[in-house]
Amino acid sequence: KVNITTNKTTGIQSTGRGGIGMENNAKLIVESGAELNIDLDKRLYSGYNGAYGDAIRMGTGGSVLVQSGGKLNLAMSNIANGYANASYLSMINMTGSGSFNVEDGGSLTMKRTGTTSTIPYNGINVQGAGGSVLIGRRATLDAELDGTGVSNVINMASGSTFNFSDAESVD
């Protein structure tokens with residue numbers, strides 16, 4: 001189990017503004033039986049314009065794989081107006097021809113709370129053609145995204161693909 005958090009008690013910020021930044025063609029694998037938790041308190045970064053504040057930011061051709069029995073849990077709190085670019089505060093932000101796959105029996109949870117912004121922030125944001133999101137058989141996708149702006153669980157660019165077949169749960 002790996003936890004990546006910002007310190008919500010003392011107000012000390014982590015070394016970056018986001019969770020995991022992936023360069024072009026980088027791969028992240030959450031193996032069977034593993035759990036990766038990313039919990040970001042955006043109140044700590046209100047002086048930034050939101051650049052690269054995603055929980056996971058993937059470069060062109062990057063991939064994330066949650067294997068069967070793996071769990072990826074993303075949480076983001078306290079997003080307020082003042083961030084210039086909503087696409088930089090998604091839970092998962094994919095550029096170019098990236099892929100995000102939750103294999104059969106894998107789990108993805110996205111939870112955003114305390115959002116007072118009227119700007120839309122997406123759960124999964126796919127920018128550019130060729131990106132793909134797959135939720136496998138018996139996999140779960142659980143999303144809770146608050147806020148007053150229009151938000152998408154999955155925002156797909158033209159030419160991108162979202163597939164799920166016989167998923168255990170898509171909430």
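**Close-up views of a predicted model**

View 1. Phe 162 is partly exposed because its relative accessible area is 30%. Here buried means under 20% relative accessible area, exposed over 50%, and partly exposed in between, with a 1.4 Å probe and protein chains only. The model is predicted, so local features need pLDDT of at least 70 and side-chain atom pairs count only at pLDDT 80 or more, while totals for chains, interfaces and linings use all residues. Residues are numbered from 1 along each chain as its sequence is written, and side-chain values use heavy atoms, with hydrogens and water left out. A search of the whole structure finds one aromatic pair. Phe 162 and Phe 164 have ring centres 5.6 Å apart and planes at 45°, so the pair is tilted. Rings of Phe, Tyr and Trp (its six-membered ring) pair if their centres lie within 6.5 Å; planes under 30 degrees apart count as stacked, over 60 as edge-to-face and the rest as tilted. Phe 164 is also partly exposed, at 47% relative accessibility.

**View 2. The five-stranded sheet.** Five strands form an open sheet in the order β3-β6-β9-β12-β15, with parallel pairing. β3 and β15 each have a single partner strand, so one side of each lacks a neighbour in the sheet. From one strand to the next the twist averages 5°. Axes are lines fitted to C-alpha atoms (for helices, over the stretch in contact), and angles run from 0 to 180 degrees between N-to-C directions. Helices (H or I, at least four residues) and strands (E, at least two) are DSSP runs, numbered from the N terminus. Two strands pair if DSSP finds at least two bridges between them.

**View 3. Strand β12 and its partners.** β12 is joined to parallel strand β9 (residues 99-102) by four bridges. Asn 101 has Leu 134 as its bridge partner in β12, and Val 102 has Ile 135. β12 also pairs with β15 (residues 161-164) in the parallel sense, over four bridges. Ser 132 has Thr 161 as its bridge partner in β15. Side chains alternate along β12.

**View 4. Ile 29 on strand β3.** Ile 29 is found in strand β3. Its relative accessible area is 46%, so Ile 29 is partly exposed. Ile 29 and Val 66 are 37 residues apart in sequence, yet 6.0 Å apart in space, C-alpha to C-alpha. Beyond residues up to four places away in sequence, Ile 29 touches Leu 65 and Gln 67. Contact means heavy atoms within 4.5 Å.

**View 5. The nonpolar core.** The largest nonpolar core has 31 residues. Such a core is a set of buried Ala, Val, Leu, Ile, Met, Phe, Trp, Tyr and Cys residues joined through side-chain atoms within 4.5 Å. Those with the most contacts inside it include Ile 56, Phe 100, Leu 108 and Met 110. Outside four places in sequence, Leu 108 is in contact with residues including Leu 72, Ile 92, Ile 124, Thr 140 and Asp 142.

**View 6. Two loop residues with positive phi.** Most residues other than glycine have a negative phi. Asn 25 has a positive phi near 65°. Asn 25 sits in the loop between β2 (20-22) and β3 (27-30), and is exposed at 56% relative accessibility. Arg 138 has a positive phi near 60°. Arg 138 sits in the loop between β12 (132-135) and β13 (140-145). Arg 138 is partly exposed, with a relative accessible area of 44%.
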